Amino acid sequence: MKKLTILLFLLSISLTHSQEIGILKYGGGGDWYSNPTAIPNLIQFCNENINTTIKKKPQTVEVGSVDLFQFAFVHMTGHGNVFFSDEEAENLRKYLTSGGFLHIDDNYGMNQYIRKELKKVFPNQELKEIPATHPIFKQPYSFPKGLPKIHEHDGLRPQALGLFHENRLVLLFTFESDLGDGWENKEIHNDSDEIRLKALQMGANIVNYAFKN
């Protein structure tokens, strides 16, 4: 019965192109709910600029829930600890290998925790840096140098790291960039219009890639 339910969810994704974004709720104490204006602003930008028809309000979805399979694109962020149970890791792995896409945006402080938990999801894989030649940096906006730097944090270069399944990028981890802060309302971080535009355009590229691949 559970397998049938998953297949039905996957069928709904293929039929509707899943014009909806999920926000991943996870355990461990990290603030999965941070940057509350980020995804709504990204959705508005995408709908106005790249011809998407994403529902305006993102939905919260838990890692271990079968509802995960409703979304072609799921976003995850936070500052602190992350924990996946074995059952949650298995559910996330099935989601990603069945056509789903997860974007993890380090809001500063989750790097050491998420790396450990991702080993539960793909035990035989390591995060790989995604080259600037990858399609995710080309359409619909061009980023010839790869991931843009939005916030300083530790002053390290921004990195786009990924996990692949059958040559498809299924998980993107953006580190030392903090795209989500750039998506938030302008008054929250006082970013310039130029910085916010770069963040939103990169976000639109991620959404575009997730929906089309």
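**Exercise 1. Which residues are exposed on the other side of α3, and which are buried?**

*Solution.* Start with the exposed side: D86 and E87 are exposed on the other side of α3. Here exposed means over 50% relative accessible area, buried under 20%, and partly exposed in between (1.4 Å probe, protein chains only). Helices (H or I, at least four residues) and strands (E, at least two) are DSSP runs, numbered from the N terminus. Keep in mind that this is a predicted model, where local features need pLDDT of at least 70, side-chain atom pairs count only at pLDDT 80 or more, and totals for chains, interfaces and linings use all residues. Residues are numbered from 1 along each chain as its sequence is written, and side-chain values use heavy atoms, with hydrogens and water left out.

Next, list the buried residues of α3: A89, N91, L92, Y95 and L96. Seen down the helix axis, these buried residues fall within an arc of 160 degrees (taken from the directions from the axis to the C-beta atoms), so they line one face of α3. An α-helix has 3.6 residues a turn, so residues three or four places apart point the same way.

Finally, look at the cover. The buried residues of α3 are covered by elements including β3 (73–78), β4 (101–106), α4 (111–121) and β7 (168–175).

**Exercise 2. Is Q201 buried or exposed, and what does Q201 contact?**

*Solution.* Then take contacts, meaning heavy atoms within 4.5 Å: leaving aside neighbours within four places in sequence, Q201 is in contact with F45, Y141 and F143.

**Exercise 3. Describe the surroundings of D31**.

*Solution.* Begin with the location: D31 lies in the loop between β1 (21–25) and α2 (38–49). Because its relative accessibility is 19%, D31 counts as buried. Not counting residues up to four places away in sequence, D31 touches Y26, T77, G78, H79 and G80. To finish, the D31 side chain reaches the backbone nitrogen of H79 at 2.8 Å.

Definitions and conventions
Polar contact = N/O pair within 3.5 Å; in protein donor to acceptor, adjacent residues only side chain to side chain.
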